[in-house]
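Trainee: Could you walk me through how to read the contacts in a model like this one? I'd like to start with the ligand.

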Amino acid sequence: MTDTPVLSVRNLVVEIPTRHGLLRPVDDVSYDIEAGEILGVVGESGAGKSMTGNAVIGLLDPPARITSGEILLSGQPIHNLERSALRRLRGKKMGMIFQDPLTSLNPLLTIGDQLSETILEHLDISQTQARKRAIAALEEVGIPAASARINSYPHEFSGGMRQRVVIALALCAEPDLIIADEPTTALDVSVQAQIMALLKRLCRDRGVAVMLVTHDMGVIAEAADRVAVMYAGRLAELGAVREVLTNARHPYTAGLMASTPLASQGRKRLRQIPGAMPRLGALPTGCAFHPRCDHAQDQCRQEPGPTLDRCDGRAACWFPIGADTKEEAQA
Amino acid sequence: MLAYIIRRVFQSALVLLVVGLVAFSMFSFVGDPVDNMLGQERTQADIERLRETLGLDQPFVVQYWRFLEQAAQGNFGLSYRQGRPVAEILVERLPATLELAFVSGLMALFGGIALGIFTAIRRRGVSANIIMTASLIGVSLPTFLIGILLIYLFSVELGWLPSFGRGEVTRIGNWTTGFLTTSGLKALILPAITLGLYQMTLIMRLVRTEMLEVLRMDYIRFARARGIREKSVNFRHALKNTLVPVITITGLQLGSIIAFAIITETVFQWPGVGLLFINAIQFVDIPVMAAYLMMISVMFVGINLIVDMLYFAIDPRLRADRTAGGH
Ligand SMILES: Nc1ncnc2c1ncn2[C@@H]1O[C@H](COP(=O)(O)OP(=O)(O)OP(=O)(O)O)[C@@H](O)[C@H]1O
Ligand SMILES: [Mg+2]
């Protein structure tokens, strides 16, 4: 392992031109993911989590496009690659797992066909070898009797098993980075834990970097090493899971935590953050969170939220929680 | 699956019985064939003899049963007009219609699928939009008008292609084919386009709609996320998933190509069963009309049945008996 992070996102901006003006679903987002590390990405619906993942893997739906910033994969810039070069990286260097295993698999192709096809696309091996690798990939994700089931169609598997197949597909050409967009949201609670355990194990054993998008703070607490909190297209907070969960610096993170039931918090009363996240077309001036923030001051209403550097690279807030008053006065 | 097939076959038989009844009823309700067949100088004895030969003196149910029995053996009696067995006339005329339907069916199917895929994949492109607009014209112009326009352009103005008939045909056993001579092939072009154009635009629009639908599915996105090349995404993953509805419609269209051939055959004086039917109507030649009706409905029902079987071949989810369990 080298020091270069597997994924390095630098000041990424994604814009969508619409009739009502330019929208920025991803606004100046920067983070790294190291090999073997799971970065959790949380935030309310519409915060730009999926958009960030799609931008990284190069599958933004037009008219959305990257307008500035950099994406480095193992140190190599990939945000400006042409389509075919980017396609060759997908599956081989980075893979993606979607939310719904029921719709992620082509119903008319056997899972063996879908696996072999992916393997043959990226590796220069024979049909029979590809078949063997496909079986190995299924075994690795815990499909029982893999060699017997390889000729089955997706509908012959249960939801949890299908998500295992999806993971096998995403990993079969051994990528360094996996973007998992809500991989357990559509599954039974009991199956969720198994799938998360599987992802964690694969990440640890293979040294894969994982970007784990989720709404579930429990999943974050359980699986992630670091966590990025997004709000209205921007990073609100970024830090080690334990730090962020127990000692949030951004008021939005604190609000999120207070509204999530976590075993570690005991039986505290749950509190909702008042109001809703603003639509992208109607962002308030100043910090996008200020209308919902208990701590908002004049500066928050007038100046756009600061970058993370403002608070040791942790929180994008003018008045982070726990900062001493002297620092506030200076700003 | 077997139970399903048996049920469908049973339904098909029922449909054919009803069509048979309609076809047969024409004998008793439309005109008096005896009047048509015998000239002015007929005697009462002539009339009686003919009624007996044609079986017209029996009660309705008996006649219907005899009709079905005979029809099942391909025997539709004598043509009122030509005095020859209807089956013989049909067999003589059928190759012309089948060859025409075959060529325009192929054109409609392959042209429609190719254009449908093209306009779906390049949906923002200029040429795709031109094709889509042109296809609107194809759908809205009546067949006979297209035929007449083609004749005007290619036969009258340019003089490249013949405007009527089958050209020179070659006889192989009972079959006459226009495929083997240049004039036969040239004669086929305009009628085939006329007959197939509507079906082609229909299939094209269907393939395009289905394709656009499928291209939005998660599994297409996932295939792209795995680095599968566009060609494979479009043709292996997407196209196959559009095929079920396309096959249904295409199958049904195939039936209507043969039925619609009436108009094209009339415009181009194409000596097939369609033209035969039109002429039969003019002369109230009931046996020919009845036989034609029966033949067309057998084809429709047969094609439908085949289409249903094809579902099973394409979509594994319908092949319930294959399920290996594990739910
Ligand atoms: N074509 C588009 N036109 C305008 N706005 C769009 C378009 N596509 C996405 N958006 C907006 O981009 C924002 C980011 O969407 P994204 O899917 O990344 O959210 P998310 O954080 O993944 O939410 P969720 O938790 O619901 O998955 C949303 O506010 C969405 O409304
Ligand atoms: Mg999302």
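Predicted model: local features only at pLDDT ≥ 70, side-chain atom pairs only at ≥ 80, totals over all residues.

Mentor: Start with A:Met51: one of its backbone N or O atoms lies 2.8 Å from an oxygen atom of ligand 1. Residues are numbered from 1 along each chain as its sequence is written, chains are lettered from A and ligands numbered from 1 in the order in which they are written, and side-chain values use heavy atoms, with hydrogens and water left out.

Trainee: Which polar side-chain atom lies 2.7 Å from an oxygen atom of ligand 1?

Mentor: That one belongs to A:His215. A:Gly46 takes part through its backbone, with a polar atom 2.8 Å from a ligand 1 oxygen.

Trainee: How many residues surround ligand 1?

Mentor: A residue is counted if one of its heavy atoms lies within 4 Å of the molecule. Here that gives 14 residues, and A:Ser45 and A:Lys49 are among the closest. Helix α1(A) supplies the largest share of that shell, 3 residues (helices are DSSP runs of H or I, at least four residues, and strands are runs of E, at least two, numbered from the N terminus).

Trainee: Now the two chains. How do I read the area that chain A and chain B bury?

Mentor: The size of an interface is often given as the accessible area lost when the parts come together. Buried area uses a 1.4 Å probe and is summed over both parts. Chain A and chain B bury about 2900 Å² between them, 52% of it on carbon and sulfur atoms. On chain A's side, A:Leu108, A:His155 and A:Glu156 supply 22% of the area buried against chain B, more than any other three residues.

Trainee: And how many salt bridges are there between chain A and chain B?

Mentor: Look for a side-chain nitrogen of Lys or Arg within 4 Å of a carboxyl oxygen of Asp or Glu. The count between these chains is 4. One of the salt bridges joins B:Arg221 to A:Asp61, with the closest N and O atoms 3.3 Å apart.

How values were computed:
Buried area = accessible area lost by both parts, 1.4 Å probe. Polar contact = N/O pair within 3.5 Å; in protein donor to acceptor, adjacent residues only side chain to side chain.
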